[in-house]
Amino acid sequence: MHAAANLWPLWGVAVIVIGFALRINPMLVVVGATVVTGLCATMPLLDILAQIGTGFVKTRNLPLIIILPLAVIGLLERYGLREQAQAWISKVRVASAGRLLIVYLAVRELSSALGLVSLGGHAQMVRPLIAPMAEGAALNNHGSLTDEMRYRIRAMAAATDNVGLFYGEDIFVAFGGIMLMHTLLTGMGVAVEPLAIAAWGIPTALCAFLIQAVRLYRLDGHLLRQAGASQSGAGAPSTATAMHAEGH
Amino acid sequence: MIVHSEYFYWMVGCILAITGVMILTDKTHSRRISSSAFWFIIAALFLFSDWLPPALTGACVVVAALIAGFGGLGRGKPNNLPEQQRQASAMRLGNRLFVPALIVPVGTLIGSIALPKLKIGGMYFLDPANPTLTALGVSVIVAVLVACWLTRGTVLESMRQSRHLTESLGWTLLLPQMLAILGLMFGRAGVGDAAAWLTHTYVNTDYKLVAILVYTVGAAVVTMILGGAFAAFPVMMMAVGLPVLIHVYHGNPAVIAAIGMFSGYSGTLMTPMAAHFNIVPAALLDLPDRYGVIRAQVMTALPLLAANVVLLYVLM
């Protein structure tokens, strides 16, 4: 089956790599790569457009799960949802950004492993609840947060949701990924049980939890150092650099 | 069935059309015409693409992508309440504010698990082909109504807020879909076969550790290029997994499959091509750096990839 592969469509991959490297707008890069790949596979332009159109109709559910919750979140944020999330977490004395996210990681990974993947997500949980709570906990511990600290906490909150989801759902036996592997291997004449594939994912899932949890644990220390640096820097960072520049 | 999943595509179409009208009538907007044109096109596609010829739909998608790609999208000024009023409102409403926020994930969860078999008057309540999506849609409608009742806000206010959030996400909302379309095109044009052929032909896999490294790191790299581990897994299985790890080294196929897919996930954590997980949340969380989430994930993804190499070597 490897006798003669047509290597021309790899130009589409080249467009992607070059486009992202040159920091061209991703929409242009991706549309460009789609058209180039189609042309290299000797598809007529009209077929390429039809392929794009069919693909759009098939994948309409992707933006839908982001767009629909915005109507709820927008309204609640206008009336103080984020402020309330921060106030609520400040009542939990032992809370810190890292500890809160470790708890979320555990909940997200375990619930995903049971197939309960919709109990999270960036639009549904991270933006309205998890990120503001993590910021609130850090604010409580460090007094004030620089923009850099806020962005760091938010990025780690999003990363935690991804890690919990990916490495949890793949040990759930009825997950599409397990089905895909099983179907593919069966098609290649390799006998394997879906349950065995799911079970052999558990060691990696544990490693994923440990690695992300250690990083979240260290996030608190990182924030503490940054808070110390911003306070001992006598006010705004811009003043600090200005003073520094004068010294030399 | 009573609730079809198509209803929610139409609902999104209506929401985006309202967004377009709001932008068109917003005199302070920096790119009024091109922005509203973009959202009108997307709205029309959500409303009518089931009936349009595929080539016309495709042409509309390309036009929308070009508008976005050449900087045609601007942002209006959000009309937030002042900080003090928000604090006062949070004090007044307290933890009740969490209720509508939690209705969305919890309602989706319950709906997708408990309700697919629910029948009312002999008809399925939710679309049995897509219970998660329909459960999400129903939960959102309930949550908006509860939120309006609780905050004394209006559905119109909720549309205004939704418009500003939609605009702040901008084209990143459509990027996952464009990448999925590219993935379909890659599949049709045989990009995976070509990559498998290259790996198989040019990489020496006479040593077990080298073979394992090619399989795991290859899965991560191909995932980074294709944007998803599901697309990369068959490539690496055909190129290295089946011919070398299973046939030459007689490894346990279940271990090889499970760890191969997880090695791909390390790639997912590091690529802008997985926009749904990496680029959209950066926009949702107002990060100034489009790649901020990826940067936060690299130091999880790389140690995990190394762990996978060790685990596969030991367990296989």
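Reply: Two residues are in contact if their C-beta atoms, placed from the backbone, lie within 7 Å. The model is a predicted one, in which local features need pLDDT of at least 70 and side-chain atom pairs count only at pLDDT 80 or more, while totals for chains, interfaces and linings use all residues. Residues are numbered from 1 along each chain as its sequence is written, and chains are lettered from A and ligands numbered from 1 in the order in which they are written.

Me: How many residues of chain B are in contact with chain A?
Reply: The contact involves residues on both chains. Chain A contributes 103 residues, and the number in chain B is 115.

Me: Which helix of chain A gives the most to the side that touches chain B?
Reply: Helices (H or I, at least four residues) and strands (E, at least two) are DSSP runs, numbered from the N terminus. The greatest share of that side of chain A, 17 residues, comes from helix 4 (residues 61-78).

Me: How many residues of the side of chain A that touches chain B are charged?
Reply: Ala, Val, Leu, Ile, Met, Phe, Trp, Tyr, Cys and Pro count as nonpolar, Asp, Glu, Lys and Arg as charged, and the others, Gly among them, as polar. On this side of chain A there are 69 nonpolar and 26 polar residues, and the charged ones number eight.

Me: Is helix 8 of chain A parallel or oblique to helix 14 of chain B?
Reply: Axes are lines fitted to C-alpha atoms, for helices over the stretch in contact, and angles run from 0 to 180 degrees between N-to-C directions. The axes of helix 8 (residues 147-169) of chain A and helix 14 (residues 292-315) of chain B come within 8 Å and cross at roughly 60 degrees. Angles under 35 degrees count as roughly parallel, over 145 as roughly antiparallel, 65 to 115 as roughly perpendicular and the rest as oblique. Helix 8 of chain A is therefore, relative to helix 14 of chain B, oblique.

Me: How is helix 7 of chain A directed relative to helix 5 of chain B?
Reply: The axes of helix 7 of chain A and helix 5 (residues 98-114) of chain B come within 9 Å and cross at roughly 155 degrees. The direction of helix 7 of chain A relative to helix 5 of chain B is therefore roughly antiparallel.

Me: Which residues of helix 5 of chain B meet helix 7 of chain A?
Reply: Helix 7 of chain A brings A:Gln124, A:Met125, A:Pro128 and A:Leu129 to this meeting. The contact divides into six nonpolar residues, one polar and no charged. From helix 5 of chain B come B:Ala101, B:Val104 and B:Pro105.

Me: Is A:Gly115 buried or partly exposed?
Reply: A:Gly115 lies in the loop between helix 6 (97-113) and helix 7 (122-142) of chain A. A residue is buried if 20 or more other C-beta atoms lie within 10 Å of its own, exposed if 12 or fewer, and partly exposed in between; C-beta atoms are placed from the backbone. Because A:Gly115 has 16 C-beta neighbours inside 10 Å, it is partly exposed.
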